[in-house]
Amino acid sequence: MAPSLIRIDGVTKRFGTTLAVDNVSLEIQTGEFFALLGPSGCGKTTLMRLIAGFETPDSGSIFIDGVDMAGVPPNRRPVNMMFQSYALFPHMSVARNIGFGLRQAGHGVPGLGKTDIEARVRDLLRLVQMEGLGGRRPEQLSGGQRQRVALARALARRPRLLLLDEPLAALDRKLREETQFELMQVQRELGVSFVIVTHDQDEAMAMAQRIAVMRSGTIEQLGSARDLYEAPVSKFVARFIGDINLFDVRMTRGADGEPMIVSTAPQFSCRGIADTTMSGEDVTIAVRPERVKMSKDKSALPAVCDVTFAGEIVDSAYLGDTQVWRIKADGGALVRVSASNSGAGTETFERGHRVHLGFDRSAMQVLTR
Amino acid sequence: MSGQGPQDRGFGWGRFLIIAMPLAWLVLFFAAPFLFVIKISLSQAAQQRPPYEPVFDLSQGWDAFVARLGELSLSSYWSLLDDTLYIDSYIGSLKLAGLATILGLVVAYPLALSMARAPRAWRPALIALAIAPFWTSFLIRVYAWITILKDEGLLNHALLSLGVISEPLHIFATDWAVLIGIVYSYMPFLILPIYNAIDRQDPSLVEAARDLGATASQAFWKVTLPLSLPGVMAGALLLFIPAVGEFVVPDLLGGSDTLMIGRTLWNEFFANRDWPVASAVAIVMLVLLLIPLALYERNETKSMEPRR
């Protein structure tokens with residue numbers, strides 16, 4: 001089998017006493033769109049800078065195309081980076097910025113002639129839909145245009161891997177969504193691997209085929225957006241990806257010896273959901289807000305609900321495509337419920353209404369950490 | 001943008017004061033003395049007190065004042081052309097100041113660069129060290145260079161005992177000593193603007209250059225240096241302009257053949273007591289210095305306005 005494009009093998013990086021990256025191992029394949037997702041300070045940016053060569057690992061190795069990158073400076077790695085600040089050279093025109101990498105006779109990149117460089121810059125300008133703007137200065141561009149120039153410049157040397165550090169953070173919401181799709185299209189067209197670093201779960205979920213959720217220097221969970229959302233391995237991942245209800249419950253056995261979970265706030269119990277080996281243990285169960293059914297009439301709840309309890313609506317937010325409520329359950333806990341506006345809703349729910357909530361056992365994820 | 005605040009609309013007293021105070025300062029301490037010097041430069045030397053005429057005195061009436069205006073002439077300026085001493089002094093000053101600027105930049109740029117690239121926690125201490133010489137009197141520091149540079153001074157002593165040279169270097173009382181003295185004296189004025197220009201740069205610019213295939217030195221020549229040129233220009237002017245008119249350093253460290261306009265000016269004023277010629281020398285020097293300043297200003301405004 002061909003080696004992975006990137007193989008990170010037990011890499012650790014310390015800054016003073018803080019452990020920024022803690023024994024991380026990871027493989028990224030050719031043509032993959034990969035996301036490093038996590039809150040600030042989780043080590044995702046450091047990991048990316050280690051791949052680019054701006055930091056040196058304290059231990060462990062990084063292989064690109066099977067070649068150990070130890071001692072290889074950034075200018076000789078087949079990797080390019082799009083900086084969060086875009087880092088466009090303010091004293092150069094757009095065309096000179098994009099052509100910068102082509103004018104450096106680099107490792108494995110043959111020195112191009114003047115006309116070849118001009119042709120390549122024109123192609124790149126077309127790729128990012130900036131034809132005719134090559135003569136502008138970065139300061140004369142809008143935020144979105146700067147982002148495109150930064151992308152074109154980073155792609156100029158035909159890297160095997162493009163690292164993107166929070167590529168959409170500086171854009172406003174509307175533009176961010178458009179740019180997301182453009183990035184995905186460019187990635188598909190060129191077949192280059194993209195590694196995006198972001199703290200925005202929506203961004204990561206929308207674009208990446210695989211996502212590594214990072215927490216204090218380690219990878220907490222690695223998987224597709226669906227894996228992370230539907231089967232989080234920990235409370236941290238469950239909270240970080242989307243909205244979630246977390247209930248602290250106790251695993252016990254019923255009188256008949258069958259395993260069951262017992263929750264005190266809100267008050268409910270449920271049989272037959274979990275691993276029989278677990279007993280007498282405190283765990284957490286996670287339920288997504290859209291999996292919780294709500295009705296003013298208990299008998300109107302779907303029959304499949306294995307768990308039901310009652311409460312009072314304390315907040316309600318209308319978000320257009322969805323509506324979100326917070327319900328104070330009789331046991332004391334706050335429960336989030338959401339429903340999409342299909343237009344077919346018969347019941348309306350307002351602040352102060354008493355409601356019955358229910359969900360079935362397939363909606364419950366048992367989390368032990 | 002939200003609406004304009006009320007302070008943006010009115011021309012209140014606060015705003016007036018903010019503009020008027022520096023303006024008053026400039027008129028009192030720059031424009032008025034400058035006009036006096038121009039007037040003296042247009043007068044003739046005389047054996048009296050003050051040592052020039054005409055002397056205007058409004059108490060003798062307006063007509064007398066106007067009549068005396070006719071006595072002003074450009075003769076002092078023409079006399080600057082009679083003796084090559086003046087032209088040689090100007091050329092000597094410009095030459096030494098220019099050399100000092102080049103030498104100063106060569107010394108200051110690496111210092112400023114290493115300061116800007118030093119760990120952030122060290123930088124305040126490094127800046128304090130760079131300006132520490134200012135805490136001692138300028139005169140004392142220039143005097144100290146005499147004991148370092150003279151034939152039996154510290155430098156020669158050190159080099160001789162290390163065996164680097166076999167005969168003392170004759171530096172003191174030459175143009176070299178003046179050059180060293182000027183570069184040393186104005187070093188902080190060079191370091192600080194350059195440091196500031198490098199420190200202000202987004203550190204990811206150099207990383208971007210490295211990422212795009214540039215070696216560390218290519219990244220410096222193509223990114224760091226061009227972006228620091230405004231600081232280099234500012235520092236160069238801060239050294240060059242006072243260096244042209246420098247008097248203390250050439251007087252203390254220079255030889256009898258060191259021709260600089262500051263010394264010539266001093267001689268005209270105090271040795272020859274020819275105030276009009278001395279004033280003319282000063283005015284011509286000022287005009288000469290305005291040329292690089294005007295060029296710099298034009299360059300600055302050009303880079304400020306958007307290039308569309």
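The legends below accompany close-up views of a predicted model.

**View 1. Chain A as a whole, shown as its C-alpha trace.**
In this predicted model, chain A contains 8 helices and 20 strands, and its C-alpha trace spans about 80 × 45 × 40 Å along the principal axes. Of the 369 residues in chain A, 48% are buried, while the chain exposes about 17,100 Å², of which carbon and sulfur atoms supply 47%. When contacts in chain A between residues at least 6 apart in sequence are considered, 66% of them join residues at least 24 apart.

**View 2. The open sheet of chain A that contains strand β12.**
Here 5 strands of chain A form an open sheet in the order β13-β12-β11-β14-β20, with antiparallel pairing. Because β13 and β20 (365-367) of chain A stand at the edges and each has a single partner strand, one side of each is left without a neighbour in the sheet. From one strand to the next, the twist averages 35°.

**View 3. Strand β12 of chain A and its two partner strands.**
Strand β12 (residues 259-263) of chain A is mostly covered, with 4 of its 5 residues buried. With strand β11 (residues 245-253) of chain A, β12(A) pairs in the antiparallel sense over 5 bridges; within this pairing, Met251(A) has Ile261(A) as its bridge partner, and Arg253(A) stands opposite Pro259(A). The hairpin of β11(A) and β12(A) has 5 residues between the strands, and in this hairpin Gly257(A) takes a positive phi near 85°. Strand β12(A) is also joined by 4 bridges to strand β13 (residues 268-271) of chain A, and these two strands run antiparallel. In that pairing Ser263(A) stands opposite Phe268(A), and the hairpin that joins β12(A) to β13(A) passes through 4 residues.

**View 4. The open sheet of chain A in the order β15-β19-β16-β17-β18.**
This open sheet is formed by 5 strands of chain A, and its pairing is antiparallel. The edge strands are β15 (293-295) and β18 (334-340) of chain A, each of which pairs on one side only, and the twist averages 40° from one strand to the next. Inside the order, strand β16 (residues 307-318) of chain A and strand β19 (residues 354-359) of chain A pair in the antiparallel sense over 6 bridges, with Gly311(A) standing opposite Val355(A) in β19(A).

Thr322(A) has its place in strand β17 (residues 322-329) of chain A. Its relative accessible area is 25%, so Thr322(A) counts as partly exposed, a class that lies between under 20% for buried and over 50% for exposed. Although Thr322(A) and Ala339(A) are 17 residues apart along the chain, their C-alpha atoms are separated by 5.7 Å. Leaving aside neighbours within four places in sequence, Thr322(A) is in contact with Ala317(A), Ala339(A), Ser340(A) and Asn341(A).

**View 5. Strand β9 of chain A between a parallel and an antiparallel pairing.**
Strand β3 (residues 33-37) of chain A and strand β9 (residues 210-215) of chain A pair in the parallel sense over 4 bridges, and Leu37(A) has Val213(A) in β9(A) as its bridge partner. With strand β10 (residues 218-223) of chain A, by contrast, β9(A) pairs in the antiparallel sense over 5 bridges, and here Ile211(A) stands opposite Gly223(A) in β10(A). The hairpin of β9(A) and β10(A) has 2 residues between the strands, and Ser216(A) in this hairpin takes a positive phi near 35°.

**View 6. Helices α4 and α5 of chain B where they meet.**
The axes of helix α4 (residues 75-82) of chain B and helix α5 (residues 84-117) of chain B come within 5 Å and cross at roughly 80°, which means that α4(B) is roughly perpendicular to α5(B). On the α4(B) side the contact involves Ser79(B), Leu80(B), Leu81(B) and Asp82(B), and these meet Thr84(B), Tyr86(B), Ile87(B) and Tyr90(B) in α5(B). The residues of this contact of α4(B) with α5(B) divide into 5 nonpolar, 2 polar and 1 charged.

Key
Residues numbered from 1 in each chain as written. Chains lettered and ligands numbered in written order. Predicted model: local features only at pLDDT ≥ 70, side-chain atom pairs only at ≥ 80, totals over all residues. Heavy atoms only, no water. Axes fitted to C-alpha atoms, helices over the stretch in contact; angles between N-to-C directions. Parallel < 35°, antiparallel > 145°, perpendicular 65-115°, else oblique. Contact = heavy atoms within 4.5 Å. Nonpolar A, V, L, I, M, F, W, Y, C, P; charged D, E, K, R; others polar. Buried < 20%, exposed > 50% of the residue type's maximum accessible area, 1.4 Å probe, protein only. Areas by Shrake-Rupley, 256 points an atom, 1.4 Å probe, with all protein chains shown as cover. Pairing = 2+ DSSP bridges.
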